[in-house]
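Me: I would like to learn how to read a few features of a protein model. Please take them one at a time.

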Amino acid sequence: MAPSGDEERVIELHLPSRLGYEKVAMDTASAMAKRMGFSHDRVDSLRTAVSEAVTNAIEHGNQHDSAMKVVVVFTGSDDGLIVDVADQGRKILDQTITERTPDIHQVLHSDDKGGWGIWLIKELMDEVQFSVAPSGGNKLRMVIHLDR
């Protein structure tokens, strides 16, 4: 008998702050979204947004401190998927960063090709919210709606 209750609706990951572990979160997001009936394009958008969010938490929030975790919680609902990504960093996200649109010309002529992650997440997800995590770090909530 297949489970059909709330136990399938929430998946929680505690990932080390080491690059490469974002793939675990991407694969979990993909598997859950496919089970929920998301289209291939929406699954790809979700995978990219989750990768960017976890990578940002590892690099900027936890500053590659492998003793700190990135907590990713996937919560499925009848109309979509909520993904919470929280770091344990001590540096609170500057909210002005969340409002920037990268300048393509500046990026092309700079050695630093970063700065696209938050913008990309906002472009790919239906809802994006930044807050302080219970751990005292940063929390990003992304919502992607299931189009039926």
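Reply: Start with the nonpolar core, which is a set of buried Ala, Val, Leu, Ile, Met, Phe, Trp, Tyr and Cys residues joined through side-chain atoms within 4.5 Å. Keep in mind that this model is predicted.

Me: Which residues touch the most other members of the largest nonpolar core?

Reply: Val72 and Met142 do, in a core of 31 residues. At least two residues each come from strand 1, helix 1, helix 2, strand 2, strand 3, helix 4 and strand 5. Helix 2 gives the most, with eight residues.

Me: What is valine 72 in contact with, leaving aside its neighbours within four places in sequence?

Reply: The list is Ile11, Glu12, Leu13, Leu15, Ala25, Val54, Val83, Asp84 and Val85.

Me: How are helix 2 and helix 4 oriented to each other?

Reply: Angles over 145 degrees count as roughly antiparallel. The axes of helix 2 and helix 4 cross at roughly 150 degrees and come within 9 Å, so the two helices are roughly antiparallel. The crossing is left-handed. Among the residues making the contact are Arg42, Ser45 and Glu52 of helix 2 and Ile118, Leu120 and Leu124 of helix 4.

Me: Is glutamate 22 buried or exposed?

Reply: Buried means under 20% relative accessible area. Glutamate 22 has 10%, so it is buried. This residue lies in helix 1, which spans residues 22–36. Its side chain reaches the backbone nitrogen of glycine 20 at 2.6 Å. Beyond its neighbours within four places in sequence, glutamate 22 is in contact with Ser51, Val54, Thr55 and Ile58.

Note on methods
Residues numbered from 1 in each chain as written. Predicted model: local features only at pLDDT ≥ 70, side-chain atom pairs only at ≥ 80, totals over all residues. Heavy atoms only, no water. Helix = DSSP H or I, 4+ residues; strand = E, 2+ residues; numbered from the N terminus. Buried < 20%, exposed > 50% of the residue type's maximum accessible area, 1.4 Å probe, protein only. Polar contact = N/O pair within 3.5 Å; in protein donor to acceptor, adjacent residues only side chain to side chain. Contact = heavy atoms within 4.5 Å. Axes fitted to C-alpha atoms, helices over the stretch in contact; angles between N-to-C directions. Parallel < 35°, antiparallel > 145°, perpendicular 65-115°, else oblique. Left-handed = near helix turned anticlockwise from the far one by under 90°.
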